[in-house]
Amino acid sequence: MSDDKEPAAEEPAEKKPSSPLSPDEPRYMPTNVTHGDMHGVQTGDVNGNVNVFAPVTSAQANLIVRYAAPQDIRDVRKEFVVPGRFDDALATLRREHVVALCGEGTGRTFTALRLLAHEFGLTKIADMNRSRTLGSIREAELEAGTGIVLDVRDSRDRPFTDREFSQCLSMMRDAQCRLVILLDHVSQAPISALKHTVQLTRPSPVEVAQAALRRLGHVDEASLQTIKNDLAPALEDAAPDKAVLAADLAVQIQLGDLEVAEAIKSLKEEVTEAVAHWFEELDVRAHAYSFAVAVLENQPFEHVMQRAWALDQNIRKARLPEDGKLRPRCVFDKPKNEMLKEIRAKTEIRAHPKHKDLFEETIRFERRDWASGVFKYVWRQYPAAQEVLRDWMGEDATLDRFTEESVQAVCEVVRTVPAHEPLAIIENLGSHRQFGRRALAARALEVLMDDNLVRPLVESTLEKWTKYGGAYQKWTVARVYSSEFGRRDLAKSLEKLTEIGKAEYYTSQNAVVAGVLRMLVNEDIRGIAIETVVSWTGARYRRTGLQPITLALALWVAGFYEHRRAYFIEFGEAFPKHVRDLLRHALADDEYGEHLLTRLGDLALHARWDEAKAAELVRLTSLIAPDLSWWRRRDAVEAVTFQHPTKRSEIRRIFRIARKVQKARKRQPS
């Protein structure tokens with residue numbers, strides 16, 4: 001969410017609220033008015049009259065995050081062991097353009113590549129951004145002949161809806177693209193996707209291991225026989241990842257670097273056990289780099305290394321005494337290849353997702369099942385480091401580029417790490433002053449609400465924060481219920497926003513205004529949203545925190561700000577009565593009304609020679625009095641002067657000038 005800055009008018013010094021906004025947090029309420037105990041916008045620790053507005057709607061993330069590595073495409077075309085029901089998946093993809101694959105430990109990623117690269121001969125195969133829903137895909141984003149893989153494993157119980165799937169299916173056909181969706185289990189698929197979903201079964205692990213040997217260039221009979229005769233018992237019903245490990249162990253056996261018994265032991269141990277044996281041999285820097293790769297696997301190498309270096313610095317600082325000074329590392333201490341070997345990682349060259357004919361380098365562990373093992377092991381075995389690791393995931397530099405990766409890491413902690421307080425990490429993030437950490441907590445809560453196992457705990461936490469939470473916790477709940485998730489049950493979400501808005505915390509009020517604005521720009525739900533906002537102007541809410549919220553929203557829907565004015569002008573034409581009621585509500589307030597009249601007076605002063613200001617004057621006054629002729633505007637003008645008797649002559653002058661401008665514009669030839 002980018003920040004657009006607008007200068008605000010001079011205003012008196014304001015008191016600082018008890019729970020101020022983060023310095024980088026978007027402001028949606030005006031700075032130059034106060035109301036009751038609410039003291040306007042605070043710009044963090046920055047003094048001065050600066051008002052920061054962010055876009056009412058968030059910019060869509062890029063659809064494509066990375067393209068398949070050429071080596072992976074060559075490998076899958078050269079050697080591939082077919083899993084059970086592969087032909088069904090192929091027939092579905094050929095007929096429907098979309099197929100969903102499920103079946104744990106069946107090689108779904110490799111199967112998706114095989115389907116797209118070999119069976120259909122596609123050369124452009126891309127990973128779709130997990131933060132994008134199927135319903136958000138636009139045809140302009142699709143390039144004909146592209147294969148797309150959407151991996152929504154470990155995400156939620158229902159990652160897409162019937163409507164989203166049907167819309168995506170039609171779009172893929174029209175764009176001549178192919179989409180493979182990776183699921184955990186069949187029950188994740190909605191009804192419309194069931195006939196497109198194929199439950200794969202595991203391929204022969206011995207055959208997979210032998211194919212992996214051939215891909216590595218080791219086709220000697222001795223290595224093949226080592227797998228078939230010596231390692232096969234340890235591979236019984238093994239997943240493809242373990243079979244690939246067996247191929248590597250067979251090579252080591254033939255080179256004399258490993259005994260058969262040790263190889264069998266390695267195959268039988270769980271990945272977390274293997275990680276434990278390896279991890280204890282590493283130094284602090286390798287610990288930091290391994291954890292960074294575990295969280296950010298398959299991301300651009302240079303960005304992952306920047307965050308890994310920052311984590312290394314944070315860990316080393318945590319070990320220092322209070323008055324200690326961190327000793328800088330030598331930048332030429334260890335070359336890249338040596339570092340990659342130490343943490344058992346490798347880089348891959350891929351086509352750049354944004355710039356044609358350019359390439360990027362990504363990083364991942366050599367073993368495809370290593371990232372999850374490293375993450376779980378570090379988090380469970382080093383509780384003293386959890387605060388450092390959590391803060392690192394919540395840093396702006398991590399969140400700005402790797403939001404979804406951080407969300408998945410937080411959800412992984414909640415789902416898989418045994419704890420008396422499973423949501424402790426989210427409670428910490430959701431109570432933090434820093435904007436990014438609260439946004440991370442809110443996004444994680446959205447994802448976890450679709451997890452049947454933890455949903456009851458999440459719901460009770462949201463309910464507790466709604467009723468009894470502090471400013472930042474209420475902000476987090478408001479963010480959840482104003483998101484795409486909250487729109488599934490709009491009535492309930494608006495009820496929660498109403499409850500949160502009653503609290504007299506500027507921070508949570510700002511979140512409610514932001515959330516409602518996002519609803520107002522959604523044509524499917526904006527009618528219900530604006531009805532709710534108008535209801536907040538009633539007497540029952542007059543002495544609650546909803547009062548400044550409705551006043552702030554009145555300025556937005558009236559197009560008072562240049563930001564998004566064009567949209568809200570159209571909005572006013574669609575809902576003229578609601579906008580008029582809100583604007584009159586704002587005019588009736590002593591401070592907001594004076595603020596509005598000052599603005600109208602300025603427009604009237606310049607209307608004679610500034611066409612843009614003249615047009616804006618007519619538009620705003622027409623919202624107050626639809627007919628500006630003297631007799632028909634009389635009641636509306638009297639109502640305003642009744643609220644602001646000291647400005648009676650000024651108010652009448654504003655409407656007289658507005659009427660003159662309106663008549664003059666009508667006389668102008670078209």
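1. Arg437 is buried, at 10% relative accessibility. Buried here means under 20% relative accessible area, exposed means over 50%, and partly exposed lies in between (1.4 Å probe, protein chains only). The side chain of Arg437 meets that of Asp391 in a salt bridge, at 3.1 Å from N to O. A salt bridge is a side-chain nitrogen of Lys or Arg within 4 Å of a carboxyl oxygen of Asp or Glu. Asp391 lies in helix H14 (residues 386-393) and Arg437 in helix H17 (residues 435-448), so the pair ties together parts that are 46 residues apart in sequence. Asp391 is partly exposed, with a relative accessible area of 21%.

2. The model is a predicted one, in which local features need pLDDT of at least 70 and side-chain atom pairs count only at pLDDT 80 or more, while totals for chains, interfaces and linings use all residues. Residues are numbered from 1 along each chain as its sequence is written, and side-chain values use heavy atoms, with hydrogens and water left out.

3. The secondary structure comes to 29 helices and 10 strands. Helices (H or I, at least four residues) and strands (E, at least two) are DSSP runs, numbered from the N terminus. The C-alpha trace spans about 100 × 65 × 45 Å along its principal axes.

4. Of the 670 residues in the protein, 54% are buried. Contact means heavy atoms within 4.5 Å. Among contacts with a separation of 6 or more, 72% are between residues 24 or more positions apart.

5. Side chains of opposite charge can pair when their charged atoms come close. The count of salt bridges in this model is 38. One of them joins the side chains of Asp72 and Arg368, at 3.6 Å from N to O. Asp72 lies in helix H1 (residues 70-78) and Arg368 in the loop between strand E10 (359-365) and helix H13 (370-381), so the pair ties together parts that are 296 residues apart in sequence. Asp72 is buried, with a relative accessible area of 9%, whereas Arg368 is partly exposed at 42%.

6. Asp627 forms a salt bridge with Arg632, and their closest N and O atoms are 3.4 Å apart. Asp627 is partly exposed at 32% relative accessibility, and Arg632 is exposed, with a relative accessible area of 61%. Elsewhere, salt bridges that share partners join Arg95, Glu96 and Arg173 into one network.

7. How many disulfides are there? The count comes to zero, where a disulfide is a pair of cysteine sulfur atoms within 2.5 Å. For Cys168, the closest cysteine sulfur is that of Cys177, 9.7 Å away, which is too far for a bond. Cys168 is buried, with a relative accessible area of 2%. Cys411 is also buried, at 0% relative accessibility.

8. The protein exposes about 31,400 Å², and carbon and sulfur atoms supply 49% of it. Accessible areas come from the Shrake-Rupley method with a 1.4 Å probe; for residues, only the protein chains shown count as cover.

9. Val186, Ile191 and Leu194 form a nonpolar patch on the surface, and together they have about 270 Å² of accessible area. Patches are made of residues with over 30% relative accessible area and no salt bridge, with like charges joined within 9 Å and nonpolar side chains (Val, Leu, Ile, Met, Phe, Trp, Tyr) within 5 Å. Leu194 lies in the loop between strand E7 (178-182) and strand E8 (197-199). At 41% relative accessibility, Leu194 is partly exposed.
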